[in-house]
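I opened a new model today and went through it one feature at a time. These are my notes, in the order I looked things up.

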Amino acid sequence: MSEYKSVTVTAGRGGWGGPLTITPSDARPLVASITGGGIHPVAQRIADLTGGQAFDGFSSSAPFDKLAVAVIDCGGTARVGVYPMKKVLTVDVHATSPAGPLAQFITKELFVSGVKPEDVKEV
């Protein structure tokens, strides 16, 4: 059993939603970085502060039920709603708000946007 810590993620400048408290667990240890390749600095900061495991969601995949959080870079309509629809906490590095065909799933309890590394704080 691993010992995980919690972080609070708040909306950045022009962002929307949250704040989210993210605490990985043995059942949900993964911090997915779905940002076009590599581990985004926001995802790395969440993993570093919580003890979660960051991974590049473009070069590999994991089941939704293993994700503590998904860090995305979507300013449009696809990824921005997919993860909230699956009840996965979602951190968007772009300052977006609910939009598109999945907008009804994008709630303040599941989604926060405009996030920079400094918007991720230890609890």
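Predicted model: local features only at pLDDT ≥ 70, side-chain atom pairs only at ≥ 80, totals over all residues.

Before anything else, I noted what counts as an element here: helices (H or I, at least four residues) and strands (E, at least two) are DSSP runs, numbered from the N terminus.

**Entry 1**

I started with Pro19, which sits in the loop between S1 and S2. The peptide bond that joins Gly18 and Pro19 is cis, with omega at about 0°.

**Entry 2: the whole chain**

Next I zoomed out. I counted two helices and eight strands in the protein chain. Going along the sequence, I read the pattern β-β-β-α-β-β-α-β-β-β. The radius of gyration came out at 13 Å, close to the 14 Å that the globule rule gives for 123 residues, so the chain is as compact as a globular protein of that length. Taken along the principal axes, the C-alpha atoms fill a box of roughly 40 × 25 × 25 Å. I also looked up burial, and 43% of the 123 residues count as buried. For contacts with a separation of 6 or more, 55% are between residues 24 or more positions apart.

**Entry 3: the open sheet**

Which order do the strands of the open sheet have? I read S2-S1-S8, three strands with antiparallel pairing. S2 and strand S8 (120–122) are at the edges with a single partner strand each, so one side of each has no neighbour in the sheet. On average, and ignoring direction, neighbouring strands here are turned by 30° against each other.

I then checked one pairing up close. S1 and S8 are antiparallel and share three bridges, and Thr8 stands opposite Lys121 in S8. Helix H1 (residues 41–50) packs on this sheet and touches S1, S2 and S8, and its direction makes about 5° with that of S8.

**Entry 4: strand S5 and its partners**

Is S5 enclosed or open to the outside? Six of its six residues are buried, so S5 is largely enclosed by the rest of the structure. On one pairing, S5 runs parallel to strand S3 (residues 30–34), with five bridges between them. There, I found Ala70 of S5 as the bridge partner of Ala32. S5 also runs parallel to S6, this time through three bridges, and Val71 stands opposite Val91 in S6. A reminder to myself: strands of a sheet pair through backbone hydrogen bonds, either parallel or antiparallel.

**Entry 5: Thr90**

Thr90 has 0% relative accessibility, so it counts as buried. Where does its side chain reach? It goes to the backbone oxygen of Val88, at 2.8 Å. Leaving out residues up to four places away in sequence, I listed what Thr90 touches; among them are Val69, Ala70 and Ile72, as well as Tyr83 and Phe111.

**Entry 6: aromatic pairs**

How many aromatic pairs does the whole structure have? My search found two. Trp16 and Phe111 make a tilted one, at 6.1 Å centre to centre and with 45° between the planes. This pair links distant parts of the chain, 95 residues apart: Trp16 is in the loop between strand S1 (7–9) and strand S2 (20–22), and Phe111 is in strand S7 (residues 111–113). Trp16 is partly exposed at 23% relative accessible area, whereas Phe111 is buried at 0%.

Why is the pair of Phe64 and Tyr83 edge-to-face? The ring centres are 5.6 Å apart and the planes are at 65°, and planes over 60 degrees apart count as edge-to-face. Phe64 lies in the loop between strand S4 (53–56) and strand S5 (67–72), and Tyr83 lies in helix H2 (residues 79–85), so the pair ties together parts 19 residues apart in sequence. I got 32% relative accessibility for Phe64, which is partly exposed, and 13% for Tyr83, which is buried.

**Entry 7: Lys87**

My last stop was Lys87, in the loop between H2 and S6. Lys87 has a positive phi of about 65° although it is not a glycine. Is Lys87 buried or exposed? With a relative accessible area of 57%, Lys87 is exposed, because the cut-off for exposed is over 50%.

Terms used: Residues numbered from 1 in each chain as written. Heavy atoms only, no water. Phe/Tyr/Trp six-rings, centres within 6.5 Å; stacked < 30°, edge-to-face > 60°. Buried < 20%, exposed > 50% of the residue type's maximum accessible area, 1.4 Å probe, protein only. Polar contact = N/O pair within 3.5 Å; in protein donor to acceptor, adjacent residues only side chain to side chain. Contact = heavy atoms within 4.5 Å. Pairing = 2+ DSSP bridges. Axes fitted to C-alpha atoms, helices over the stretch in contact; angles between N-to-C directions. Rg over C-alpha atoms; globule rule 2.2 N^0.38 Å.
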